[in-house]
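Here is a short report for a first look at this structure. Take a moment with the sequence and the model before reading on.

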Amino acid sequence: MIDSSFFISNRQRLSSLLPEGLIILSAYFLMQQSSDSAFAFTQESNFWWLTGIEYPDWLLIIDGSANKTLLVSPIVSEVDRIFNGTLSDDEALAVSGVDGVITLKEFDELLGGLKLKHDKVYTIAEKNKKNTHDFVLNPYSRDLNEKLKKHFKDIVDCGPYISKLRAIKQPEEILAIEKAIGISVATLRNVKREIDKFDYEYQIEAELSYGFRKNGAFGHAYDPIVAAGKNACTLHYIRNDAPIKSGDMILIDAGAKVDGYSADITRTYIKGNAIDRQKQVYAAVERANIQIIDLIRPGLSFKDYGEKVDEIMKSELDGLGLLKNPDDYRKYFPHAISHGLGVDVHDSMGGYKEMMPGMVLTVEPGIYIPEENIGVRLEDDILVTDSGHRNLTKSLSLGL
Ligand SMILES: [Mn+2]
């Protein structure tokens, strides 16, 4: 459990980037799954990072000119209260450390006064990824944006400011990530020790869920991937229901979530004995993993990093005899090498051009050869430090 002082300081740091600014943010809404039940609720991560509130439909107001922060409690029907529970005002105050909690009706009255003091309001812009992905979005930001448009001339997206802050982890955040990693590493170690006894992918998934929950994690930070043989070549394979044959490599990508923060680890193991080709591919990915992690240091630009990663991956793929043309290496390594890690499994890197102390990022080289039923990925979580880096997942050894 992260103390309210963390959320108070996050709000103060955001406020200091937007002096005198008025910031109004919304939690995610609860989404209906079927006639009588809702989807499992996950909070909008910026809202959580500023409040610690894990319930739907709340609002946050930070009035920089009055140096005051308020939460707006949602209207919860009696049915909702009985079936889904609710968060009391006192609990919300204790978790978030805000100055007060008001009702939605009081919020509407307050807006009248706030618009006299502020021309401009900061909020999270309506996200629109429809151009690239056919997502259905949680309507939380659209609803709030529409309400704010009626009162303020200028609506400014504060998402980039929050991203910049979230990209550099504070001690509490690193500690939570390390806790999530500790539980994940212990569980993956158990899986490896007993790898020969698993006959189906789902048995490994069950072992992961058991290890995470038994040790106090909230659960999985994301849907785990347990992919035997050629399934490892489907990058987001989450069916996890195929049999595991002796001689199959098994790619496991899983991470626990603890205190709101995620681990994200991939190891590739083998049931039974590896043939030479499997060992060769594994060794290539292992060398890439070690060399790429070694690059990580403050001041390294993401552009230079990307170019060096390309060189390393090309040379390893070439060594395996896979490249007729060096430019078609993306066929065997089709995903990004790194992403930020934090509240979100794919956390913001803040738009920074270079690596900075306090960033936590994954390093996840992989080589996928569907025609040979081989897919290997080795993913570690790396903290950028003042002098270089610290591999937070180092205690989970590499090796088939
Ligand atoms: Mn990852």
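This is a predicted model: local features need pLDDT of at least 70, side-chain atom pairs count only at pLDDT 80 or more; totals for chains, interfaces and linings use all residues.

## Asp 259

Asp 259 sits in the loop between β12 (256-258) and β13 (261-262). Its phi is positive, near 50 degrees, though the residue is not glycine.

## Glu 20

Glu 20 also has a positive phi, about 65 degrees, and is not a glycine. The residue belongs to the loop that runs between α1 and β1 (22-26). Glu 20 counts as exposed because its relative accessible area is 54%, and exposed means over 50%.

## The manganese site

Which protein residues are donors of the manganese ion? They are Asp 264 (OD), His 339 (NE2), Glu 364 (OE) and Glu 379 (OE). These donors lie 2.1 to 2.5 Å from the ion. Along the chain, their spacing reads D-x74-H-x24-E-x14-E.

His 339 and Glu 364 link distant parts of the chain, 25 residues apart. His 339 is in the loop between α11 (302-319) and β15 (360-363). Glu 364 is in the loop between β15 and β16 (366-369). His 339 is buried, at 13% relative accessibility. Glu 364 is buried too, with a relative accessible area of 8%.

## Ser 4

Ser 4 is part of helix α1, which covers residues 4-17. Is Ser 4 buried or exposed? Its relative accessibility is 18%, so Ser 4 counts as buried. Beyond its neighbours within four places in sequence, Ser 4 is in contact with Ala 94, Val 95, Ser 96 and Gly 97.

Notes
Residues are numbered from 1 along each chain as its sequence is written. Side-chain values use heavy atoms; hydrogens and water are left out. Helices (H or I, at least four residues) and strands (E, at least two) are DSSP runs, numbered from the N terminus. Buried means under 20% relative accessible area, exposed over 50%, partly exposed in between (1.4 Å probe, protein chains only). Contact means heavy atoms within 4.5 Å. Donors are N, O and S atoms within 2.8 Å of the metal (3.2 Å for Na, K and Ca); water is not among the atoms, so sites may look incomplete.
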